[in-house]
Amino acid sequence: MSADTPESPSRRRVMGGMAAGLVAGVAAPALAQQQGAGTAAQPRDPTTAYPRPPFPAQQQPWPGLAGKMQPKPDHGETSYRGSGRLAGRKALITGGDSGMGRAAAIAFAREGADVAINYLPDEEPDAREVVQLITSAGRRAAPIPGDIRNEAFCNQLVQDAVRQLGGLDILVNNAGRQQSHDLFTEITTEQFDWTMKTNVYAPFWITKAALPYLKPGSSIIITSSVVAYEPPENLFDYAQTKAANMIYAKVLAKQLAKRGIRVNAVAPGPVWTPLQVTGGQPADKIPTFGQNTPLGRPGQPAELASIYVQLAAADASYATGQVYGATGGRGGP
Ligand code: NAD
Ligand code: MG
């Protein structure tokens with residue numbers, strides 16, 4: 001399935017079984033490519049620009065692969081056009097293999113940055129594609145697999161990124177763990193700890209390790225969520241961590257302002273990524289994922305890429321301690 005392309009027979013079979021609205025939506029990334037989503041583009045109707053529900057029912061073992069999702073998420077592979085906004089910058093992105101992290105990695109490289117990505121060893125197929133995309137943009141890629149629930153690894157990750165890139169001035173804490181549970185008593189201590197370690201401890205450890213390398217003008221970005229503002233009842237532990245991520249940005253921005261380092265958060269709404277089809281949502285909710293937003297569909301990672309670029313870019317010099325929402329019209333910052 002991972003080798004499935006839009007032209008392959010198996011893909012055609014799946015597409016043939018889909019609702020017409022979805023098929024029309026899947027064709028849309030090609031339109032985005034013509035228009036150049038990362039630069040000035042013609043007006044594009046956000047309700048039809050990307051796939052709309054219903055989606056095929058699907059589940060993958062965690063952490064999942066973007067390459068196995070149907071439809072495949074759009075991370076801006078064929079659409080993002082850079083304009084030198086991050087020329088010569090050096091970025092580390094956790095969860096850079098798929099989802100928002102991958103969209104940021106592609107955009108950063110096309111804007112002129114060298115990019116290190118962290119991910120889990122099981123995600124090597126997705127990570128390989130991202131490395132290829134970064135190097136095709138003419139930039140240096142540093143793939144650094146490993147589990148960020150371990151403090152020693154977090155330290156090593158930062159040292160490896162700095163060594164391979166020759167420095168660091170953009171840090172994106174984006175990796176995340178989300179598992180749906182109807183009732184909080186179903187969550188074991190081990191599961192609770194897993195979510196906290198990934199989403200709250202790891203950004204703390206990684207940022208601590210990175211700080212000595214971050215010079216004035218550096219930018220730190222964390223991926224929070226709409227759930228920090230509108231917590232759904234099935235995400236008791238996860239929603240708390242995303243609220244913590246929002247506060248991470250607001251408090252650190254105050255501490256690091258005097259060093260000339262900006263800290264901001266991105267708060268996405270429902271976005272079509274592996275996180276959702278690996279236990280992030282109840283399986284029966286996947287076909288209608290994103291339908292309950294005013295735009296009537298989930299976001300695609302590509303639609304958030306320019307937000308990460310904007311928060312990282314030097315011309316956003318007065319933006320710190322902010323939360324940038326992209327929720328399809330749901331609540332948020
Ligand atoms: P994703 O599955 O594509 O990315 C999550 C990444 O986290 C994985 O690719 C994996 O590499 C990484 N990760 C998880 N546990 C790890 C560990 N122990 N060690 C190392 N890496 C680990 O999904 P995504 O939706 O793009 O998630 C990115 C961020 O966006 C997360 O912080 C998530 O909370 C946030 N977010 C997602 C949505 C959504 O609807 N998809 C909405 C709001 C916020
Ligand atoms: Mg992944």
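Before looking up bridge partners I noted the rule: two strands pair if DSSP finds at least two bridges between them. Helices (H or I, at least four residues) and strands (E, at least two) are DSSP runs, numbered from the N terminus.

I'm working on a predicted model, where local features need pLDDT of at least 70, side-chain atom pairs count only at pLDDT 80 or more, and totals for chains, interfaces and linings use all residues. Residues are numbered from 1 along each chain as its sequence is written, chains are lettered from A and ligands numbered from 1 in the order in which they are written, and side-chain values use heavy atoms, with hydrogens and water left out.

**Sheet.** I looked up Leu92 and found its bridge partner in β2 to be Ala116. β1 and β2 run parallel and share five bridges. I then traced the whole sheet: it is open, has seven strands in the order β3-β2-β1-β4-β5-β6-β7, and pairs in parallel. β3 and β7 (323-326) sit at the edges with a single partner strand each, so one side of each has no neighbour in the sheet. On average, neighbouring strands are turned by 15° against each other, direction ignored. For angles, axes are lines fitted to C-alpha atoms (for helices over the stretch in contact), and values run from 0 to 180 degrees between N-to-C directions.

**Helix α4.** I see α4 (residues 99-110) lying across β1, β2, β4 (170-173) and β6 (262-268), at about 165° to β1. Contact here means heavy atoms within 4.5 Å.

**Helix α6.** I checked its ends. Asn150 caps the N-terminal end, with a side-chain oxygen 2.9 Å from the backbone nitrogen of Ala152. After α6 comes Gly166, with a positive phi near 80°. I listed its buried residues (under 20% relative accessible area; exposed is over 50%, partly exposed in between; 1.4 Å probe, protein chains only); among them are Phe153, Leu157 and Asp160. Their cover includes β1 (90-94), β2 (114-119), β3 (141-145) and α7 (189-210).

**Magnesium.** Which residues are the protein donors of ligand 2? I get Asp97 (OD), Ser98 (OG) and Glu123 (OE), 2.1 to 2.2 Å from the ion. Donors are N, O and S atoms within 2.8 Å of the metal (3.2 Å for Na, K and Ca); water is not among the atoms, so sites may look incomplete. Asp97 and Ser98 are both buried.

**Asn174.** I found Asn174 in the loop between β4 and α7, buried at a relative accessible area of 11%. Leaving out residues up to four places away in sequence, Asn174 touches Thr94, Gly95, Met100, Gly101, Thr223 and Tyr308.

Notes. Polar contact = N/O pair within 3.5 Å; in protein donor to acceptor, adjacent residues only side chain to side chain.
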